[in-house]
Structures are given as C-alpha cells and as structure tokens.
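Please open the model in the viewer and keep the selection panel at hand. The tour begins at the ligand and then moves to the contact between the domains.

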Amino acid sequence: MIRFFEKDPYSPIQYVYDVEKILYKGKSPFQEIVVIENPFFGRMLILDGVVQLTERDEFFYHEMLVHVVMHAHPEPKRVVVIGGGDGGAVREVLRHETVEKVFFVEIDEEVIKVSKKFFPTVSCELENSKVEIKCMDGSEFIKSRKGDIDIVIVDSTDIIGFAKSIFTVEFFKSVKESLGDNGMLVTLSESLHFHRDMVLGVQETMRLVFPVVDLYTAPIATYAGNWWTFSAASKALGLREMRKPGISGLRYYSDEIHRHAFLPPRMYEKLLKKSLNW
Ligand code: SAM
C-alpha cells in the first residue's frame, strides 16, 4: 500500500497514513489539493501536504469551532465564516434556527469545488439560500462590514502564507468593527502540545483588540499535537456561559462539553504569564 507522509511545517513529528486510493490531485492558484482514501479515517482532504479534515473525525473540529460561540451569543443572526472551503463550519452554523445569513468567504474556489464532489456530507449546506459565497481573502471582506455581524468564525489553514492575513492585529480590529454590540469571534489557534508560542501569539494579539478573550480545547486525532486550541473573543459577554439550551443532534459538543472545554482559570493564567512549564 502507498503511504502519505504529512508535511506539516510546524509539527516536530511526522504523521503517516495508508493510502487505499488517491481520489484527486490538483493545483489551484493558491495551493495543492489532494483527496485520499484511508482505511480508518475514510476520505481525507489535504492542502499543501497538511491534513485538513477526515470523514471520520471532522465533526469534533467543526462542532467545537462553531457551537461554543453560537451558544454563548444570545441570538446569532448574521455570521461570517472565513476559510472552511469544505463547508463543515457552514453546515454547523445553519443548525441554529436564529441564523438568517451566512457570508462564506473562502479564498480558494477550487477547495469548494473539490469538497462538493468528494465530501458531500460536509459541504451539504453550501447551496442553502441563506449562504452567500465570496471567493476572496477574508481580511479584505471583513473590512466591508460595519457593525452588522454577530459572529465571525475563522476556519483557515495553519498560520502560514496567505492565512497569515487573518491572524494580525489589523484583521482583529476589522473584525471588531464588523461586529454588533454582543459580537464574538472564534479562530483555530493550533496545539498546546506542539505550538504553545503560537497559541500565546494569537491570544496576545486578540487581547490587544478585544476586552474579553478566552481559550478552549478539543481532542482532534488528525491535527498535529492533537490537543487543539480555539481562541475566542467577545466585545462584551463572557464566552464560558451558554445563553440558550444546547441544540440536539450533535455528536461531540454538548452543554457539558461547553463547560469543560475552557482552560481552567489558574492554568489559563499560567499560560498567559508564560509559566506553563512543558
Ligand atoms: N479545518 C481545517 C484545518 O484547521 O486544518 C481548515 C479547513 S479549510 C479547508 C481551510 C481553508 O482556509 C482553505 O480552503 C484555505 O483556502 C482557506 N483560507 C486560508 N487563508 C484564507 C484567507 N486569508 N481568506 C479566506 N480563506 C482562507
């Protein structure tokens, strides 16, 4: 059997996957796009040599990326998803009946096309009439919104190359301006095992802009370091509190997970003071 050796620029170890079949291999103007079939994880989407999602475990990531802020916000109606070309984040956002509009801003149209073909259970809501697709850089799109967005969700590739534009202080300032009074932002921020300095970097940058910033984690089998973090920010309300009952039909996220996913306060303080010793 052929094998795929992941080329994650930030991982100190290399993950290797058996490849039953290469289903797609192409190059867009932005990145190399590959879809393989693995005996355990099923279909896998790989961008520039880095695993983005697998059929088997994508729900851990997508549910945790989306539902924490969607439950912390009292009434999310207008949502922006930046990146997330596979459609998984959009699918989760649309489980919330309050949602009226989703701006889906993916820089690479090819990722959307490939996901529609090979990951129909992930991309299934992209044709929903509430979704407006914009193929452009999320940092540019967000500058055009002023105070009319409830939630911004960043589902990007690792913090490298064109994805860097959505982790800068300028970007976070534009996000703050785009949000209404109770507005919230969430973004992936890498692993506490392998990338503690990157996690801190995202947190410190967010703290320059937002009065409320927090950090929660989820176990993701296929992302380097596995103990994956999500950095969330808010203009006013705390993020640890759920402001509506949990929606049903999910596989990992629940009210119990919401309460326990955030870093315990003393540990979080240690992280911010750079005294977590590992
Ligand atoms: N869940 C995945 C992960 O963390 O590995 C991310 C999946 S999703 C496919 C990532 C998408 O973000 C890619 O399709 C990429 O094109 C998009 N992306 C990266 N930087 C972007 C930017 N600045 N604006 C819009 N989309 C961006």
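A residue is taken as near a molecule if one of its heavy atoms lies within 4 Å of it. Select the ligand together with its surroundings: 26 residues surround it, and the closest are Gln31, Tyr61, Glu106, Gly138 and Tyr223. This is a predicted model, in which local features need pLDDT of at least 70 and side-chain atom pairs count only at pLDDT 80 or more, while totals for chains, interfaces and linings use all residues. Residues are numbered from 1 along each chain as its sequence is written, and side-chain values use heavy atoms, with hydrogens and water left out.

Next, display polar contacts (pairs of N or O atoms within 3.5 Å; within protein, one must be able to donate a hydrogen and the other to accept it, and residues adjacent in sequence count only if both atoms are side-chain atoms). The side chain of Tyr223 places an N or O atom 2.9 Å from a ligand nitrogen. For the side chain of Asp137, the distance to a ligand nitrogen is 3.2 Å. Phe162 instead uses a backbone N or O atom, 3.2 Å from a nitrogen of the ligand.

Now colour domain 1 (2–53) and domain 2 (58–272), bounds that come from an automatic or database domain assignment. Their centres, taken over C-alpha atoms, are 23 Å apart. Select the contact (heavy atoms within 4.5 Å): domain 1 contributes 25 residues and domain 2 contributes 27. Finally, show polar contacts across this interface, where eight residue pairs are found, both residues at pLDDT 80 or more.
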